[in-house]
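My notes follow in the order I made them.

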Amino acid sequence: MVIPKTVVPKMLSSKQVLQGKSLRLWLRAFMLRILIVVAIAGAIQLSTASALAAPQNLAKQPLINVEVRLGDADGSLQFYPNTLAFEAGRRYQLHLVNDSPTKHYFTAKDFADGVWNQKVDTGGVEVKGAIHEIEVRPGAYADWVFVPVRAGNYPLRCVVPGHTEAGMVGSIQVEGQ
Ligand SMILES: [Cu+2]
């Protein structure tokens with residue numbers, strides 16, 4: 001059988017194109033596999049993160065917003081809500097707002113010891129480093145951004161004299177890990 005000369009380069013070139021295509025597909029699959037491995041490694045690192053282990057990864061977690069009101073306009077001495085639940089390894093922005101006529105504290109030292117702190121933002125001022133309690137003055141707010149890293153049940157209270165006794169207390173539950 002005689003193959004016309006003009007056909008040969010055509011056949012070769014189409015074969016080369018095919019090889020190039022499959023090589024590209026294989027490379028794409030390979031890169032995807034690397035990405036997946038990197039993502040899993042990141043997830044494992046995050047799940048075993050301690051307060052100082054992987055701040056870079058923790059800081060990139062999507063932000064979950066939670067609001068707590070300290071007292072109310074009528075001057076009642078309570079947290080709204082007074083039970084909070086968080087999941088270890090997730091990043092939260094706790095919006096603390098005081099609409100009441102007196103100052104209040106959000107004090108949860110044991111809870112605060114078990115979180116990685118990113119910052120506390122009070123509108124114009126960002127505070128970084130360890131946080132144990134936050135004072136919120138009348139009409140003010142504070143946004144506390146953190147990642148709980150230690151599971152447990154922690155007490156919350158306001159340390160303004162008389163407020164804890166009046167019932168300005170709560171509990172914080174951290175689930176997981
Ligand atoms: Cu108070």
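**Entry 1: the whole chain**

Among contacts in the protein chain between residues at least 6 apart in sequence, what share joins residues at least 24 apart? I looked it up: the share is 72%. I note here that the model is predicted.

Next I listed the elements. The protein chain has 3 helices and 11 strands. I read the pattern along the sequence as α-α-β-β-β-β-β-α-β-β-β-β-β-β. I also checked burial. Of the 177 residues in the protein chain, 21% are buried.

Which order do the strands of the open sheet take? I found 6 strands in the order 2-1-4-9-6-7, with mixed pairing. Strand 2 (79–80) and strand 7 (126–127) are at the edges. Each has a single partner strand, so one side of each has no neighbour in the sheet.

I then followed strand 1, which covers residues 63–70. Strand 1 pairs with strand 4 in the parallel sense, over 7 bridges. I picked out two of the partners. Ile64 has Tyr92 in strand 4 as its bridge partner. Asn65 has Gln93, also in strand 4.

Strand 1 also meets strand 2. These two run antiparallel and are joined by 2 bridges. Here I saw Leu70 opposite Phe79 of strand 2.

**Entry 2: a cis bond and a loop**

I checked the peptide bond from Tyr80 to Pro81. This bond is cis, with omega near -5°. I wrote a reminder beside it: most peptide bonds are trans. Pro81 sits in the loop between strand 2 and strand 3 (83–87).

I moved on to Ala88, in the loop between strand 3 and strand 4. Why is Ala88 partly exposed? I counted 18 other C-beta atoms within 10 Å of Ala88. A buried residue needs 20 or more, and an exposed one has 12 or fewer. Therefore Ala88, with 18, counts as partly exposed.

I also looked at Ala88 and Gln173. They are 85 residues apart in sequence. Their C-alpha atoms are 9.8 Å apart in space.

**Entry 3: the largest nonpolar core**

Which residues touch the most other members of the largest nonpolar core? I found Leu96, Ala108, Val115 and Ile172, in a core of 26 residues. Strand 9 gives the most, with 4 residues.

I took a closer look at Ala108. I left aside its neighbours within four places in sequence. Ala108 is then in contact with Tyr154, Pro155, Leu156 and Ile172.

**Entry 4: Cys158**

Where does Cys158 lie? I placed Cys158 in the loop between strand 10 and strand 11. Is Cys158 buried or exposed? Cys158 counts as buried, because I found 27 C-beta neighbours inside 10 Å.

I listed its contacts, not counting residues up to four places away in sequence. Cys158 touches Leu70, His104, Tyr105, Thr107, His163, Thr164 and Met168.

Last, I checked Cys158 against Val169. They are 11 residues apart along the chain. Their C-alpha atoms are separated by 6.5 Å.

Methods: Residues are numbered from 1 along each chain as its sequence is written. This is a predicted model: local features need pLDDT of at least 70, side-chain atom pairs count only at pLDDT 80 or more; totals for chains, interfaces and linings use all residues. A nonpolar core is a set of buried Ala, Val, Leu, Ile, Met, Phe, Trp, Tyr and Cys residues joined through C-beta atoms within 7 Å. Two residues are in contact if their C-beta atoms, placed from the backbone, lie within 7 Å. Two strands pair if DSSP finds at least two bridges between them.
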